[in-house]
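I open this notebook to record, entry by entry, what I looked up.

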Amino acid sequence: MQLPEPLERLIGELSRLPGVGPKTAQRLAFHFLRADRERAERLSEALLDLKARIDETLICVVEAPLDVLAIERTAEYRGLFHVLHGVLSPIDNVGAEEIHIPELLDRLAGGEVREVIVATNPDIEGEATAAYLQRVISPLGVQVTRPAHGLPFGGDLEYADELTLARAMSRRQVL
Amino acid sequence: MRLVSLTLRNYRNYARLTIELQPQLNLFLGQNAQGKTNLLEAIAILALSASPRSRREADLIGPAAPEASVEAVVDGAGRRLELALKVAHGSERTVKTIRVDGVARRAVDLPGEVQATLFWPEDLNLVKGGPEHRRRFLNEMLVQVVKGYGRTLASYRRVLEQRNSLLKRIAGGLEGRGSLPVWDEELAALGSRLVEARAGAVSQLAPLAAANHGAIAAGEPLEIEYSGPPAPLGPALAASLEEDLRRGSTGVGPHRDDLSIRIAGSEARSFASQGQQRTAVVSLKLAESDLIEARCGERPILLLDDVLSELDAPRREALLARVGEGGQVVVTSVEAEPFPAALLERATVRCISGGRVEPCG
Ligand SMILES: Nc1ncnc2c1ncn2[C@@H]1O[C@H](COP(=O)(O)OP(=O)(O)OP(=O)(O)O)[C@@H](O)[C@H]1O
Ligand SMILES: [Mg+2]
């Protein structure tokens, strides 16, 4: 049976989605064939909005999936995420190959990403992982940044812990 | 610096204790194994946020409950503080919680609120024992006087442990050398801060210790010198890498530091007599309290655990002279005998027996 060209094209696109085989793609395409025009418009709009809103030149690297939610909640960040599923910690037998660093480097090989924000925790292993990523990513011509450490909002200067205060002072900004 | 009161709950052999301390001399007498050292240890814990005696914090917990607590009211620098430290058996590890005036505080950030100098028989190891005793002496003094020292030390130890594990992984072919520079840089940065603090403290300590020693031992010269790692530390680490890989541990850095202690030109550890060694230890301990006073503007609480009976007359007098100088002193002893009557008159004397503190007699 020869299908109309637009239907063929939609099935082709859908079957390229992760987890969607030819059968499912067909079923979804016929679903939209039957659905009214408004449904189709809402879907295509949502897809276009998504692309307009997300900055694909920016990757934020985090330790764990929950960190993604924390950053998403701020609604401040519009780039992509990369979850390492751990940090460098030789004591626990975790080196660069044991966490998702090779996968990150693969993602950068495409050349679209211009900046990697390393949002690992500000503890010893998190800092070491950030320093390591800086070493391996900078030579690729990709900028590596770290979120600013500073004074907690609504906090009292007098009670800020010393390390936080020291960092906030040394990395101060011009107003 | 003055301890106003101390409360112990289920701490070592103390089921429950509340005592008030007088501003000058507090003397606690007791037979062996009654709780003298435990009492001074509790005060030292508030100064150091860790026991100077047990590495295992669970050791502090008494038999009656899964939790021990040490609480104190302290007067210092014109203000009164309430300190509370609890140690509890957790499901996986021992949990320590600290409050200063009711506000939670990280353990590394407690030292500095109360300053104390503990002098106990163990301290003879300062001269006789291995370098770890002298590093511990420096650390216990420095956490109290250099802000952030405790944090730097804890971070340094953690990074060192990571680097040593990495060396073994590299040697075992589990990992390349790619991440080594990251740990090396961090280790060098933290290590240099420790070295700077230690070198500064020892240069201040040396003349103080020499003066104390000279006064006790008729002008005999005592020289204290810091022996630290090669500087700068970064290149030194790099230079020792191949050897470190073979050994699976890090050969240079402040974790190998020592203090050289020389009496009349010879290394005290191998050449000095027992008496000379004791004099050096007393001098170092008094110098520690001098340094704390110089840096903090207040005399630390002097905790003397059963040390007078171990000293002969001139050394005992040197210590007791210090006891009479006005700062708060808490002394324990098996007997009242080594104390001159004039001193006993000014002291509050109590007796410790089976984890209870009572008037004597
Ligand atoms: N966690 C604990 N629970 C119960 N008892 C403990 C605990 N830890 C130590 N003890 C006991 O406390 C007792 C007193 O110890 P401490 O070291 O204070 O004695 P001391 O009075 O200094 O004796 P000495 O004169 O021999 O130095 C010891 O018998 C010890 O077994
Ligand atoms: Mg004792």
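Entry 1. I located B:Ala33 in the loop of chain B that runs between β3 (25–29) and α1 (36–48). I noted that the model is a predicted one. The phi angle of B:Ala33 is near 60°, which is a positive value in a residue other than glycine.

Entry 2. A:His85 is placed in the loop between β2 (79–83) and α5 (101–109) of chain A. Because 13 C-beta neighbours lie inside 10 Å, A:His85 counts as partly exposed.

Entry 3. I looked up a cis peptide bond, which joins B:Ala231 and B:Pro232 with an omega of about -10°. B:Pro232 belongs to the loop between β9 (222–227) and α6 (233–239) of chain B.

Entry 4. Which residues touch the most other members of the largest nonpolar core? I found that they are A:Val61, B:Ile43 and B:Leu303, in a core of 124 residues. Helix α5 (residues 180–216) of chain B supplies the largest share of this core, 14 residues. I recalled that nonpolar side chains tend to be buried together in soluble globular proteins. Leaving aside residues up to four places away in sequence, A:Val61 touches several residues, including A:His82, A:Leu104, A:Ile117 and A:Leu133.

Entry 5. I followed α5(B) to its crossing with helix α9 (residues 274–296) of chain B, where the axes come within 8 Å and cross at roughly 130°. The two helices, α5(B) and α9(B), are therefore oblique to each other. The crossing of α5(B) past α9(B) is right-handed. Among the contact residues are B:Leu205 and B:Leu208 of α5(B), together with B:Leu284 and B:Ala287 of α9(B). By class, the contact of α5(B) with α9(B) has eleven nonpolar, five polar and one charged residues.

Entry 6. How many residues does each chain give to the contact between chain A and chain B? I recorded 19 residues from chain B and 14 residues from chain A. On the side of chain B, the elements that give two or more residues are α4 (149–171) and α5. The largest share of that side, nine residues, comes from α4(B). The residues of the side of chain B that touches chain A divide into nine charged, six polar and four nonpolar.

Key
Residues are numbered from 1 along each chain as its sequence is written. Chains are lettered from A and ligands numbered from 1 in the order in which they are written. This is a predicted model: local features need pLDDT of at least 70, side-chain atom pairs count only at pLDDT 80 or more; totals for chains, interfaces and linings use all residues. A nonpolar core is a set of buried Ala, Val, Leu, Ile, Met, Phe, Trp, Tyr and Cys residues joined through C-beta atoms within 7 Å. A residue is buried if 20 or more other C-beta atoms lie within 10 Å of its own, exposed if 12 or fewer, and partly exposed in between; C-beta atoms are placed from the backbone. Helices (H or I, at least four residues) and strands (E, at least two) are DSSP runs, numbered from the N terminus. Two residues are in contact if their C-beta atoms, placed from the backbone, lie within 7 Å. Axes are lines fitted to C-alpha atoms, for helices over the stretch in contact, and angles run from 0 to 180 degrees between N-to-C directions. Angles under 35 degrees count as roughly parallel, over 145 as roughly antiparallel, 65 to 115 as roughly perpendicular and the rest as oblique. A crossing is left-handed if the near helix is turned anticlockwise from the far one by less than a right angle, and right-handed if clockwise. Ala, Val, Leu, Ile, Met, Phe, Trp, Tyr, Cys and Pro count as nonpolar, Asp, Glu, Lys and Arg as charged, and the others, Gly among them, as polar.
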